[in-house]
Amino acid sequence: MQDSREKIIRYYKGTEGEATAVKLVDFAGQALKNRKYKLSGFLTPFEQEMANTIANSLGDLKVEFDGGFVGAERQRAAFCHEDFAGTPVFEIAVIKSEWSGEFARLGHRDVLGSVLSLGVERECIGDIIATKEFAKIIVDKKMVDYFVANLKRIGEIGVETSVDELDSIEPKEERVKEIRATVASLRADSIAAAGFGMSRSKMASEIESEKVKLNWQTVKNAAQTIKEGDILSMRGRGRLEVSEIRGQTKKGRIGVLLKRFF
């Protein structure tokens, strides 16, 4: 166990996932020790992959995920010992903050910023579904009373926050657009520019501003090489799957098939 733990932490050392890897390894270790299950906070898709890797590496463990509704991006992980015969309880709830849509234009970023300003950790918050007049916020069940009592404003707008039902959230349906393109190279800026419909120089600027992620980690270098199966996401623009790399054209460009999810 100790050797495997150290190998996993070394693997993620220096990446955005280093701190999360340490937490998840500890959670997995607790599940192995108590032979039951241990629940994580809400994880990004990249962190969910980490949880899978950790469970597979340590043995005698499986991992299950739940984000509160079908299609949720941020999900909690339950590390379950193979001897555990029960069903893990994910302790997920939803709150609803309402405002007058006639006077306010609030979005996901406004809601998240106001929730985090209450001094809670990001791992306590799952997906946020924002509309013109309200936001439904998936949260750790232990935090419900705190949010209801304290989330009174989003930005400069007064809101009313109450407990809602998870069953009220519709399964997430995404629109998908296939994009067939040719690119000069498999650089991150080139692929992302083709998929998100902007110039390569503009995309390089967006990457420099840390608005683009590759497999849910911030792209640090516009020249980073992209491979088949990679996922690129851009703040406010959705995500892009590199579905197929088709080889070179007669003019020396590279044909790609991309799937853009909105």
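**Ground rules**

I am working with a predicted model, in which local features need pLDDT of at least 70, side-chain atom pairs count only at pLDDT 80 or more, and totals for chains, interfaces and linings use all residues. I number residues from 1 along each chain as its sequence is written, and side-chain values use heavy atoms, with hydrogens and water left out.

**Entry 1: the whole chain**

I started with the inventory and found 7 helices and 15 strands in the protein chain. Helices (H or I, at least four residues) and strands (E, at least two) are DSSP runs, numbered from the N terminus. I then looked up the extent: the C-alpha trace spans about 60 × 60 × 30 Å along its principal axes.

How much of the chain is buried? Of its 262 residues, 44% count as buried. Buried means under 20% relative accessible area, exposed over 50%, and partly exposed in between, with a 1.4 Å probe and protein chains only.

I also checked the contacts, where contact means heavy atoms within 4.5 Å. Among those in the protein chain with a separation of 6 or more, 60% come from residues 24 or more positions apart.

**Entry 2**

Next I traced an open sheet of 3 strands, which has the order E1-E3-E2 and antiparallel pairing. Two strands pair if DSSP finds at least two bridges between them. On average, neighbouring strands here are turned by 20 degrees against each other, direction ignored.

I followed E1 to strand E3 (residues 75–81): the two run antiparallel and 5 bridges join them. For lysine 38, I found phenylalanine 79 in E3 as the bridge partner.

Helix H2 (residues 18–34) lies across E1, E2 and E3, and runs at about 160 degrees to E1. Helix H3 (residues 45–58) also packs on the sheet, touching E1, E2 and E3, with its direction at about 160 degrees to that of E2. For these angles, axes are lines fitted to C-alpha atoms (for helices over the stretch in contact), and angles run from 0 to 180 degrees between N-to-C directions.

**Entry 2: H2 against H3**

How do H2 and H3 pack? Their axes are 10 Å apart, at an angle of about 45 degrees. H2 and H3 are therefore oblique to each other; angles under 35 degrees count as roughly parallel, over 145 as roughly antiparallel, 65 to 115 as roughly perpendicular and the rest as oblique.

I listed the residues that meet: Thr20, Ala21, Leu24, Val25, Ala28 and Leu32 in H2 against Glu47, Met50, Ala51, Ile54 and Leu58 in H3. As a reminder to myself, an α-helix has 3.6 residues a turn, so residues three or four places apart point the same way.

**Entry 3: H6 and H7**

Helix H6 (residues 188–196) is mostly covered, with 8 of its 9 residues buried. I wrote these down as Ala188, Asp189, Ser190, Ile191, Ala192, Ala193, Gly195 and Phe196. What covers them? The cover includes strand E10 (176–183), H7, strand E13 (231–234), strand E14 (238–248) and strand E15 (254–261). Just after H6, glycine 197 takes a positive phi of about 70 degrees.

The axes of H6 and H7 come within 8 Å and cross at roughly 110 degrees, which makes H6 roughly perpendicular to H7. From H6, the contact uses Ala188, Asp189, Ser190, Ala192, Ala193 and Phe196, and from H7 it uses Arg200, Met203, Ala204 and Ile207.

Is glutamate 206 buried or exposed? Glutamate 206 sits in helix H7 (residues 200–208), and counts as buried because its relative accessibility is 9%. Not counting residues up to four places away in sequence, glutamate 206 touches Met198, Lys211, Val212 and Met234.

Glutamine 248, in strand E14, is exposed, with a relative accessible area of 64%. Leaving aside neighbours within four places in sequence, glutamine 248 is in contact with Arg253 and Ile254.

**Entry 4: cysteines**

Last, I looked for disulfides, meaning a pair of cysteine sulfur atoms within 2.5 Å, and the structure holds 0. Cysteine 80 is buried at 0% relative accessibility, and cysteine 124 is buried with a relative accessible area of 14%.
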